[in-house]
Amino acid sequence: MAGNSRRKGAMRKPGSKKGAVVGSGGQRRKGLEGRGPTPSAANRPNHPAAKRAATAAKTQAARKKRESGPEHVAGRNPVVECLRAGVPSTALYVALGIETDERVAEAVRIAADRGISVLEVSKSEIDRLTNNAMHQGLALQVPPFSYTHPDDLLSLAVDSGDPPLIVALDGVTDPRNLGAVIRSAAAFGAHGVVVPQRRSAGMTAVAWRTSAGTAAKLPVAVAVNLNRTLKDWAKEGLMIVGLDADATVSVDELDVATSPMVLVVGSEGRGMSRLAKEYCDQTVGIPMAAGVESLNASVATGVVLAEIARRRRAAGRA
């Protein structure tokens, strides 16, 4: 076939189409179809945002687990202080073979008198319970703290018959400050303390010890959103007064002390948040000598609460 320009082997059957003989089975068409909206970054398993979200979830779960479980006060002096103060306790752990002194003897005696289990365990077991703290062979198990709802706290304050006085802590993260504030609040006639759910110290064993047992007598509430709680309480007729260095009045001029009020105390370093300040009807400061730095949050709270208590006593005598 000299006149045929086609190469040998390139002939096609009559009626055949140019292109691949074997079809794709529709795979090409399917490949062109849409697959729906792109998932968010946090929902893509290998995306950095998803990994960060997973890590945050694990951290939050671990935090909740720690908060829901019992805590342990470690050390001979701290344990004896808690027992003397009547801090609710479920067990006293004493290491086997330790050299006893008057503190160990007193701890065992108080625990036995209060019906608290006294358990002799190995030193390594107390190491584990206290996360290797300096326990000196003695540890006290403290149950999870039972918090009050902010609505219940307000009801208790109103039902007391006195003008409500509540302390709100806006970002206080040191449990020792929390315990000290609770102690001052109980001493000067406040009806309770409220803390935000996030970015705040909770009622740990350290806070229990610092409060000297008053946390067992004074309600402590947790607010999911502290600013919203302040707004709700303002609608109920409570004056919102913030403790602030750049205050509108000094503690000497706090004429609203005898009114139903909430005293808002800011964090140790930054003070009150901007939003919390916006909800305050008034801010109060403490006059101090020149050259003296600002007071610790718990000390400043005690000073203002003492003045509020003085004014209320004076109003009662008038």
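Reader: Where does Asn131 lie?
Author: This is a predicted model, in which local features need pLDDT of at least 70, side-chain atom pairs count only at pLDDT 80 or more, and totals for chains, interfaces and linings use all residues. Residues are numbered from 1 along each chain as its sequence is written, and side-chain values use heavy atoms, with hydrogens and water left out. Helices (H or I, at least four residues) and strands (E, at least two) are DSSP runs, numbered from the N terminus. In those terms, Asn131 lies in the loop between α5 (123–129) and β4.

Reader: Is Asn131 buried or exposed?
Author: Buried means under 20% relative accessible area, exposed over 50%, and partly exposed in between (1.4 Å probe, protein chains only). Because the relative accessible area of Asn131 is 67%, Asn131 is exposed.

Reader: What is the phi of Arg199?
Author: Most residues other than glycine have a negative phi. Arg199, in the loop between β6 and α8, is not a glycine, yet its phi is positive. The value is near 55°.

Reader: How far apart are the end C-alpha atoms of helix α7?
Author: The expected span of a helix is 1.5 Å times one less than its number of residues. Helix α7 covers residues 175–187, so its 13 residues should span 18 Å. The model agrees, with the end C-alpha atoms apart by 18 Å.

Reader: Which elements are included in what covers the buried residues of α7?
Author: The buried residues of α7 include Leu178, Val181 and Ile182. Their cover includes β5 (165–170), β6 (192–196), α8 (205–210), β7 (220–223) and α11 (297–317).

Reader: Which elements do the buried residues of α3 pack against?
Author: Helix α3 runs over residues 76–85, and its buried residues are Arg76, Pro78, Val79, Val80, Cys82 and Leu83. These pack against β1 (71–74), β2 (91–95), α4 (102–113), β4 (138–142) and α8.

Reader: Which residues is Ser267 in contact with, leaving aside its neighbours within four places in sequence?
Author: Ser267 lies in the loop between β10 and α10, and it is buried because its relative accessible area is 10%. Contact means heavy atoms within 4.5 Å. By that rule, the partners of Ser267 are Asp170, Gly171, Val172 and Met272.

Reader: How far apart in space are Gly271 and Val172, C-alpha to C-alpha?
Author: Gly271 is found in the loop between β10 (261–266) and α10 (274–278). At 21% relative accessibility, Gly271 is partly exposed; it touches Asp170 and Gly266, residues up to four places away in sequence not being counted. Gly271 and Val172 are 99 residues apart in sequence, while their distance in space is 8.9 Å.

Reader: What share of the contacts in the protein with a separation of 6 or more comes from residues 24 or more positions apart?
Author: The protein has 11 helices and 11 strands, and 40% of its 318 residues count as buried. Among contacts with a separation of 6 or more, residues 24 or more positions apart account for 81%.
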